[in-house]
Amino acid sequence: MPGSISTAVPTAPGKIIAVHLNYRSRAEQRGRTPDFPSYFLKPASSVTIGESTITRPAGTELLAFEGEIALIIGRRTRRVGVAEGWAAVSAVTAANDFGIYDLRAADKGSNVRSKGGDGFTPLGPVALAAAGLDPATLRVRTWKNGELVQEDTTAGLLFPFGQLIADLSQLMTLEPGDVILTGTPAGSSVAAPGDVIEVEVDAPTAEGSPGTGRLRTTVIAGTDAFGEFGLGPVVDDNQRAEAWGSREAAGLDTAPAPFILTPELAERINSVGVATLSAQLRRRGYNAVSIDGPRPTRPEARLLGRARTLRFIPQREDLFAAHGGGYNAQKRAVDGLNPGDVLVIEARGETGTGTIGDILALRAQVRGAAGIVTDGGVRDLALVAALDIPTYHNGGHPAVLGRRHVPWDTDITIACGGASVQPGDVIVGDSDGVIVIPPFLVAEVVADALEQEAEEVFIAARVAEGESVDGLYPMNAAWRAAYQAWKAQNDPR
């Protein structure tokens, strides 16, 4: 039975709850994929029904549109499971989650000013009754001045509707008429005065292909300046790139191509020692890129991969009770590892407990991770050492995590063994230790490291022949000329 059209679009919902990031296409565009949904609230005064105008405030430039599917709650709902979540929805409709990126500076993630303005939440023009609709096959489309700019289906959701309702209802009672904005797909961009933005939600595979019709919003220019009693518009190129969807779309210089650790580059990196790479970094002024202290479970194994990070904070009983149990940051970090990742753990050099054990190390190995680096201790050290995955650590310890640590953050900048480590940094280790290479330096560091090792092969051969190191190490002009001739005939690469 197809979903039928209803006019029950709430004009003043008690709550409007919006999801920050929920479509895979949008997550890929933003370069981050959340483990769980997160939310913000919009005021009921931001709602308009059907065709409307929206004012871009004077002095701002980045009014962004976000076409979304809005869920309308049909019954009082508290503490339901994921499977029962969809049953709480009475209807769905089209929504446009407008926001002013120029006003985000004062919000600190709350979106109160940037997304709470009058008219910033158009809904409608009509709703589709949820009965008979398959929530996994709905579609949302957005047009800017008649050009289709957003299109995705609920098959691309990171967090299905039932999960959102289950998650929210475990904390708050959802009331009839409440609205949940379920996130926007890739293609969100900026609208200027005179632009017309249209959003439609439909069920293209259902009988009759029911749809909401196009929700039409026209942008007009505001004339009232912001008062000095609040923070005015603040904008920079990062905000422009986020609002437009990319630096290129914003008319900015395009960012360098993303760093990719290709098999060819990995082979070149692995052909030179960590000591040589460290020397090349030092020549460039990078003197604090070695992770000092940790030693490998497998000294013969080479470690190479991109950093994923985990941070522990010092043990505090109330914080451990809130964050240490269940599917905590430590377990999420390990479960989220991908092939080639290196899990780097900030444990503050605390060796009086373990930071990883045999089960989680095995899980990292099964996930295809390249290695683990911790400046703390390791439990079940003999079992961890027997695994294929190399683990760098500061010693074994039998105690469990909660003795000294609370698992706190993942995929943030951390400190490990005296080195700063960011997600995506290149981690290289051998029997000498572990170093961190900023991705933008990898190509030139490796090229020069290969040259350095070629020189050292030549120098070692001359020393073995009985030559003095005076003038040879480092090479003077005469030896440099001899090296160049040798290299032309016998390049070790």
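**Salt bridges, surface and a pocket**

I begin with glutamate 200, which is buried because its relative accessible area is 15%, and buried here means under 20% relative accessible area, while exposed means over 50% and partly exposed lies in between, with a 1.4 Å probe and protein chains only. Before I go on, please keep in mind that this is a predicted model, in which local features need pLDDT of at least 70 and side-chain atom pairs count only at pLDDT 80 or more, whereas totals for chains, interfaces and linings use all residues. Residues are numbered from 1 along each chain as its sequence is written, and side-chain values use heavy atoms, with hydrogens and water left out.

Which residue does glutamate 200 form a salt bridge with? The partner is arginine 141, and the closest N and O atoms are 3.5 Å apart, where a salt bridge is a side-chain nitrogen of Lys or Arg within 4 Å of a carboxyl oxygen of Asp or Glu. This pair links distant parts of the chain, since glutamate 200 sits in strand E15 and arginine 141 in strand E11, 59 residues apart. Helices (H or I, at least four residues) and strands (E, at least two) are DSSP runs, numbered from the N terminus. Arginine 141 has a relative accessible area of 17%, and therefore it is buried as well.

A second salt bridge joins the side chains of aspartate 202 and arginine 139, at 2.6 Å from N to O. Here too distant parts of the chain are linked, with aspartate 202 in strand E15 (residues 196-202) and arginine 139 in strand E11 (residues 139-144), 63 residues apart. Both aspartate 202 and arginine 139 are buried.

Let me turn to the helices H12 and H13. Elsewhere, salt bridges that share partners join Arg26, Lys42, Glu66, Asp97 and Lys115 into one network, and a search of the whole structure finds 30 salt bridges.

The loop between helix H12 (442-464) and helix H13 (477-489) holds valine 469, which is partly exposed because its relative accessibility is 45%. Together with Val463 and Tyr473, Val469 forms a nonpolar patch on the surface, with about 280 Å² of accessible area in total. Such patches are made of residues with over 30% relative accessible area and no salt bridge, where like charges are joined within 9 Å and nonpolar side chains (Val, Leu, Ile, Met, Phe, Trp, Tyr) within 5 Å, and the areas come from the Shrake-Rupley method with a 1.4 Å probe, only the protein chains shown counting as cover for residues. Tyrosine 473 is also joined to proline 474 by a cis peptide bond, with omega about 5°, and proline 474 lies in the loop between H12 and H13.

Now to the largest pocket, whose volume is about 1400 Å³. On a 1 Å grid over the protein atoms alone, a cavity is a set of points where a 1.4 Å probe fits but cannot get out, while a pocket is an open set with protein on both sides within 12 Å along at least five of seven lines, and lining residues have an atom within 4 Å of a point. Grid points are joined across faces, edges and corners, and a volume is the space filled by probe spheres set on the points. The largest pocket is lined by 46 residues, and Leu21, Arg30, Gly31, Arg32 and Thr33 lie nearest its centre.

To finish, here is the overall picture. The protein has 13 helices and 27 strands, its C-alpha atoms fill a box of roughly 95 × 50 × 50 Å along the principal axes, and of its 493 residues 48% count as buried. It exposes about 21900 Å², with carbon and sulfur atoms supplying 52% of that area.
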